[in-house]
Amino acid sequence: MRLVHVNVTQLRVAATCPRLHWFDARATAERQDGRTVVSRIWRKGGEAPGCGALFHTAVERFNAAAGSSDEVLAALEAAGDAASLQQALMRWFNASCLDLDALAARPVPLRLGFISAVQLYMEELARLAAHARAEGLPAAELRTQLFGDSRKRVDVTFHVGEDVHVHVTGAIDYVYFDPRLGKHRIVDYKLTPATSPNSDLFQVFTYALMHHHQHGTRPDVAVFYLHPTRSVREARWEEIEAKRGKVYELIASMVAWSDHATGAGGLLPPGDRTYCGGCKHERSGACVAQLGHKDEGAWDRRWTALEATRGGDAPEGRERAASGAPAAGAPAADEPAADEPMVDDDPELEEALAVVKPAVERPRPAPARGRGRKAPAEAPPSDVRSRPEAPPSRERKAPVEAPPDGARSKRAEAPPAGERSTPAALDAGARPPEARAADINGMLLGFDDGGSPVCVDPAVLRTHVSVVGAAGSGKTWMAKIIAEEALRAGVPVVAIDPQGDLVQMMEARPPSDVPAELHRAWEELRERMEPRILTPGSSHGQRLCLDPLRLPSAGELSHIANPALRAEEEEGLLVAVAANLVSLCACGGEEESQRTFLYQVLRHLPRAAPVRLRDIVAAVTAPEDLGIDDVDSLIRKSERERLARKLNTFVQGPSARLFSGGTRLDFTELLRPSKPGRVPLNIVYLNALSNDDEKHFFLAALATELYRWMITTVDATSGGVNLLFYIDEARDWIPAGGSKPPAKQPLIRLFTQGRKYGVGCLLCTQSPRSVDYNVFGNTSTKLIGRLEAAQDVDRVIDWFTIEGGAPPWVAARKGAPKGSFVARWPDMPAELAGRAFKGRTLFTRHAGAWSPDRVERAVTEAGLRGPGG
């Protein structure tokens, strides 16, 4: 038997990008000293101070000591409200767990980050405890539930083949029994930006599965981002259990990728472009040079194959066969410890231990008043209850995802820090020396170095627009300008916001931040724009629902004179809906057969009345009632039954939120203003959905519905621009190469067919190589920002060579200043060709990405809840 040892940190790295795991495995083998090399992905970007080691060490000390502390018990007994309990816990934490003098000697940015994170941690803990006490839970029992569970170490062996066992170890940040839910809960704390929330949640999924195998619990999980911005990602146990196959496949694939790295066969790992901007292997060129194109590579999919053959009916048997069981007893003699040494261990750990008091020290009583010991005169006080160097209301101008209690809500009314100051490179172009309003004719994009405005006719939107630029180049800034100008021109906008960067457009930029020469344009946008924040599957904004489904009727297509073309359009829409449903179900097996069968079901369903998902479930269960003969020739009975069961979960199960509640997705309503003169801005916020599968499915369904609306509602001969469809981070949805996420084909169809219906598409992407060539081939207007890779420059040259010769300015795009763009569009004036310019000041807010809770607060405060909220 072959026994392989990994830890959960390595799983997290492999989930981020399999190629990082490949390089780590090769480096580990080359060291030959038994120490594991692990890439430090959590340091990506370096925006936040490195206070993670200090926070985790201090909180671990706090949790361990609080379970037996009389002072904590007394605080819980006396708890009247969350705020007073929070202060009591902080006083005991300062006195018992920290060396405040040692903390005062640490760099100010680190202390600020640490203090902010601990405040949020204690605030959440106090809110939970106060709720439990209000419900009558005794203080002693509550203390045991919050601090008494010491089962943080997880140690499980997974069976990934007949003779391969993978021993996985890890340590959970916090596990407790949540009295509000009546079940266990696992929380992982992050002191880094939420740049990879799905990968972070995947890590906690792994902890939960291991805890379940080892201790029989069925825990819910959460990833709690404490610094620099507060946000939370959560998942219920039912979702974790349903997706356990992804964890098993990752574990099996890691073995295969490690074998490939050490020359022992295995599988070539694919790449994930999400992390490329912060990857040393990408910067050095080693990734592609040694492993080929990022779309190449494979996963070990034996779990999916096994699940398909068993028909989804015997979960316990599959668990034993594929997922493994807890390691029995103590590790074998040749197994390393669960916390085996890593080459890249946090260098701040030793300094953290100097600040946190050792567990053997007896806790001293918490002071009743005051701020604990004072720091030296040259440094601000380091008591965690305070925010050094400024009062809270001045130090933190933004509601940085503060919990929605009254005190914080009132304190957090100012714009976020950085909101009122434009990035320097953009500001230089946004405030031209002598720009005159009379020179502005059309959509104002920005100003050249001489202060002359760069304008474009709104008609070019019909031919589609792409904005390309490396991370930090200002591409989202520029795309927002285009969306604002479309609204000023009377063109409604539907914007797809996958991360929370676009929802801020609901708020106007303060007039004091807008140059005087642009005040009139700013006022025009403010008077015309009618923002709506649409949140599928949740009520953070105006909730959207996909049920009933919009299937084309004969009457809707009657305007198409050619019968053959009419039949083709109807068939294409039904095929798209069938494909979307199959991708959502993810049943495995013969997906082509499933799509064909569902297409026949949709084709036979009566469409005089709206078709609900429950109608489709009934038809899939009994297709003979629709007159579909010889069903077995279309799909095997076991697959049909599995498809029906999975579809039914979206009617009655926990995943039904996409098909229940809220307002039906209807483009006619989305594009109708509430009163004359207003222009709708519909921002579809996807970040409240719990996983990428739901995001991909919803976007595929939305693109399909948009196409149905186009061909059944829009007059193709009108010649105007009826809608701007803006999609951010396009590479995630329309990737280059053979990858086919569910939304890819529906979106490509919008780019190829939209212009004849006056539906213009706007996309943003970091690399011109990352998006399918069919999309760029259909965008006639291109704005090129700073490029970083020589291959990106070559791709842009290819575009313009096809269009009439490579212009001389393209090579200079590599390393261009932030906020600088060169554009080309149909019938561009000769004097603008090749002229670099910088985007104007945005008229709407532009700050960091908003979490679902932040969106909900903003929507509520602005009165934009709507009928589906």
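In which order do the strands of the open sheet of four strands come? The order is E4-E5-E6-E7, and the pairing is mixed. Before we go on, please note that this is a predicted model, where local features need pLDDT of at least 70, side-chain atom pairs count only at pLDDT 80 or more, and totals for chains, interfaces and linings use all residues. Residues are numbered from 1 along each chain as its sequence is written, and side-chain values use heavy atoms, leaving out hydrogens and water.

Back to the sheet. Strands are DSSP runs of E with at least two residues, helices are runs of H or I with at least four, and both are numbered from the N terminus. Two strands pair if DSSP finds at least two bridges between them. At the edges lie strand E4 (174-178) and strand E7 (231-235), each pairing on one side only. E4 joins strand E5 (residues 183-190) in the antiparallel sense over five bridges. One place to look is Tyr176, whose bridge partner in E5 is Arg185.

Next, find Asn63 in helix H3 (residues 52-66). Asn63 is buried, with a relative accessible area of 4%; buried means under 20% with a 1.4 Å probe, protein chains only. Leaving aside residues up to four places away in sequence, Asn63 touches Tyr121, Phe147, Lys152 and Tyr174, where contact means heavy atoms within 4.5 Å.

Finally, Ile616 touches Leu549, Leu581, Leu598, Leu602, Leu605, Val611 and Leu647, again not counting residues up to four places away in sequence. In soluble globular proteins, nonpolar side chains tend to be buried together.

Note on methods: Buried means under 20% relative accessible area, exposed over 50%, partly exposed in between (1.4 Å probe, protein chains only).
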